[in-house]
Amino acid sequence: METKQFRAESKRLLDLMINSIYTHREIFLRELISNASDAIDKIYYRALTDDTLEFDKDDYYIKVILDEKNRVLKIIDTGIGMTKEELEDNLGTIAKSGSLAFKKENELKDGYDIIGQFGVGFYSAFMVAETVTVISKALDSEGAYKWESQGIDGYTIEPWEKDTIGTEIILKIKENTEDEKYDEYLEEYRLKDIIKKYSDFIRYPIKMNVTIKKLKEGSENEYEDYVEEQTINSMVPIWRKNKNELTEEDYSNFYSEKRYGFDKPVKHIHISADGAVRYNAILFIPERIPFDYYTKEYEKGLELYSNGVLIMNKCSDLLPDYFSFVKGMVDSEDLSLNISREMLQHDRQLKLISKNIKNKIKNELLALLKDDRDKYEEFYKSFGRQLKYGVYSDFGSNKDMLQDLLMFYSSKAKKLVTLNEYISGMADDQKYIYYATGESNERIEKLPQTELVTEKGFEILYLTEEIDEFVLKVLMAYKEKEFKSVSAGDLGIEDQENENNLDTEHTANKELFERMKTILSDKVKDVRISKRLKSHPVCLTNDGEISIEMEKILNAMPNNQNIKADKILEININHNVFEALKDSYEKDQEKFVLFTNLLYNQALLIEGLQINDPVEFTNDICKLMI
Ligand SMILES: Nc1ncnc2c1ncn2[C@@H]1O[C@H](COP(=O)(O)OP(=O)(O)OP(=O)(O)O)[C@@H](O)[C@H]1O
């Protein structure tokens with residue numbers, strides 16, 4: 001029998017196929033099963049247009065047969081089969097896709113989603129097989145043919161015996177080498193796994209004989225092996241089902257079957273899009289943070305399917321970083337895949353899908369916030385930080401997208417509130433959205449700087465996470481209301497009578513303040529009369545963009561640049577301490593220095609900052625006691 005050569009250009013391509021196009025060997029099975037499914041689709045399509053043909057779905061299936069002893073793996077289908085010419089044309093010429101031609105000839109409408117298009121998938125079989133044999137009988141042909149090849153050297157075709165229409169692919173699996181183990185493709189368990197992973201949603205049953213253990217008859221503890229034909233794939237993907245047919249439990253089962261997480265998702269989002277790009281997606285908002293979520297090991301992404309066949313495990317382009325916690329999958333028939341199906345050809349469709357998904361997630365989160373506040377807060381406790389990073393990163397380009405999803409603890413409501421809720425509760429004479437920073441709500445509650453704003457009856461947002469103040473700096477304003485720190489120089493709260501009074505006091509005590517400033521010269525930029533303090537004697541505030549809290553955070557970073565906030569020591573002149581200060585200024589300069597240092601150190605402590613010399617500080621207190 002004559003051995004025919006692969007066409008010249010095909011030889012190089014075949015070598016490429018076997019050695020470099022695919023990164024995972026296991027996908028050979030996905031490719032062969034996809035071909036089998038295409039072949040059944042074709043006969044199904046023909047039956048629709050040809051009255052003499054009857055299509056009974058039960059007669060159409062794919063079967064995987066394992067013969068471990070002889071190192072043989074067979075993939076059998078009851079599809080349309082191939083004539084001698086088709087065997088020559090489709091398998092003798094690499095990169096010639098009979099499926100693409102079929103699609104073009106028949107102008108397939110929706111529902112007949114033939115997968116093949118490049119004409120290379122079949123050759124992936126050579127990654128695991130030393131000999132590939134194809135026995136096929138085509139729908140319209142009398143006889144059957146056998147095509148056989150050992151790779152580069154070419155192939156043979158000869159007439160063969162086969163009663164039924166369809167194709168049988170027989171792989172003689174390679175022997176193990178030192179570097180490569182091929183035996184795994186002869187393990188029932190592994191094959192089942194590969195089928196489940198890539199071909200679970202092929203529309204026809206993929207059958208396989210499976211060994212199960214069952215109790216021996218008449219025995220209570222003796223088991224025997226028993227072989228049973230099982231359908232391995234679930235066939236109809238849940239995302240193609242009608243939403244009305246599905247229960248909450250179906251979705252959570254899918255979530256755990258897919259091992260998206262061990263928790264129970266807070267919400268599922270089922271999308272069936274039929275616009276500029278068609279796709280189905282099922283997305284989940286998890287309840288709990290994956291253990292590695294806030295580490296660089298965490299990989300975001302959604303599973304990507306093309307027509308029910310898994311293409312990518314984690315397609316990161318589908319999710320923006322700020323929604324990286326979302327789990328789930330996308331299936332589209334409109335994707336341009338590259339030759340290995342491992343990457344996407346160009347990403348126009350993908351960009352469209354990811355934009356749709358992004359907006360959908362945002363809207364669903366807003367709906368959750370509105371309809372189930374408790375659940376949203378649970379979610380926010382886990383992933384709020386990621387949303388804040390989203391506002392802060394990329395130079396704030398996503399702030400409009402995310403600002404309505406943010407929440408902060410409120411001094412008035414004593415719980416998390418959104419920025420919109422804050423705005424709705426603002427008093428008529430309130431100019432700004434006030435915030436205070438600190439380690440915890442309890443500590444912020446006691447901050448002297450909050451006194452005036454609280455007394456005015458204005459709400460304060462408590463910022464306890466490092467990123468918080470940076471987020472507000474990026475946002476700058478919300479619905480035209482600017483953010484203002486309670487420590488800012490000008491709080492925008494006017495009290496003319498008090499201002500005049502303070503001016504007089506300032507002029508009267510000018511020298512005293514100048515003296516204090518000299519004593520603390522390297523520590524503070526200025527010493528001033530406080531407009532905001534009511535019951536506390538002192539506090540620290542800042543001038544300029546860098547707040548004291550930001551100074552703390554920036555200096556704790558590895559690339560510490562020793563950034564300093566311009567600190568202002570504010571004195572409450574209505575406090576008795578000020579009388580003592582004045583008294584010492586007039587009578588006892590040594591005491592005045594002592595008081596000044598003590599007040600400054602107290603202000604540092606209140607702010608949660610370290611005092612430069614704790615020993616000196618305690619000695620100073622002792623001096624007061626003796
Ligand atoms: N089991 C089969 N039954 C009938 N025809 C088949 C079968 N397997 C392959 N073919 C034919 O051989 C052609 C080449 O297959 P191959 O897998 O190389 O490419 P493809 O499926 O067209 O494209 P892709 O590279 O995207 O998989 C197919 O288009 C199809 O016409």
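**View 1. An open, six-membered sheet with mixed pairing.** Welcome to the open sheet of 6 strands, whose order reads E15-E14-E17-E16-E19-E18, with mixed pairing. Strands here are DSSP runs of E with at least two residues, helices are runs of H or I with at least four, and both are numbered from the N terminus. Two strands pair if DSSP finds at least two bridges between them. Strand E15 (416–418) and strand E18 (477–478) stand at the edges with a single partner strand each, so one side of each has no neighbour in the sheet. This is a predicted model, in which local features need pLDDT of at least 70, side-chain atom pairs count only at pLDDT 80 or more, and totals for chains, interfaces and linings use all residues. Residues are numbered from 1 along each chain as its sequence is written, and side-chain values use heavy atoms, leaving out hydrogens and water.

**View 2. Where E14 meets E15.** Strand E14 (residues 407–410) and E15 run antiparallel, joined by 3 bridges. If you zoom in on Tyr409, you will find its bridge partner in E15, Leu416.

**View 3. Helix H13, largely enclosed.** Helix H13 (residues 468–475) has 7 of its 8 residues buried, so the rest of the structure largely encloses it. Buried means under 20% relative accessible area, exposed over 50%, and partly exposed in between (1.4 Å probe, protein chains only). The buried residues of H13 include Asp468 and Glu469 as well as Phe470, Val471, Leu472, Val474 and Leu475. Just after the helix comes Met476, with a positive phi of about 65°.

**View 4. Ala556 in helix H16.** Ala556 belongs to helix H16 (residues 548–556). With a relative accessibility of 64%, Ala556 counts as exposed. For a sense of distance, its C-alpha atom is separated by 40 Å from that of Lys258, 298 residues away along the chain.

**View 5. Stepping back to the protein chain.** Here 19 helices and 22 strands make up the secondary structure. The radius of gyration (over C-alpha atoms) is 36 Å, well over the 25 Å that the globule rule gives for 626 residues, so the chain is more spread out than a compact globule; that rule is 2.2 Å times the number of residues to the power 0.38. Along the principal axes, the C-alpha atoms fill a box of roughly 120 × 65 × 55 Å. Of the 626 residues, 51% count as buried.
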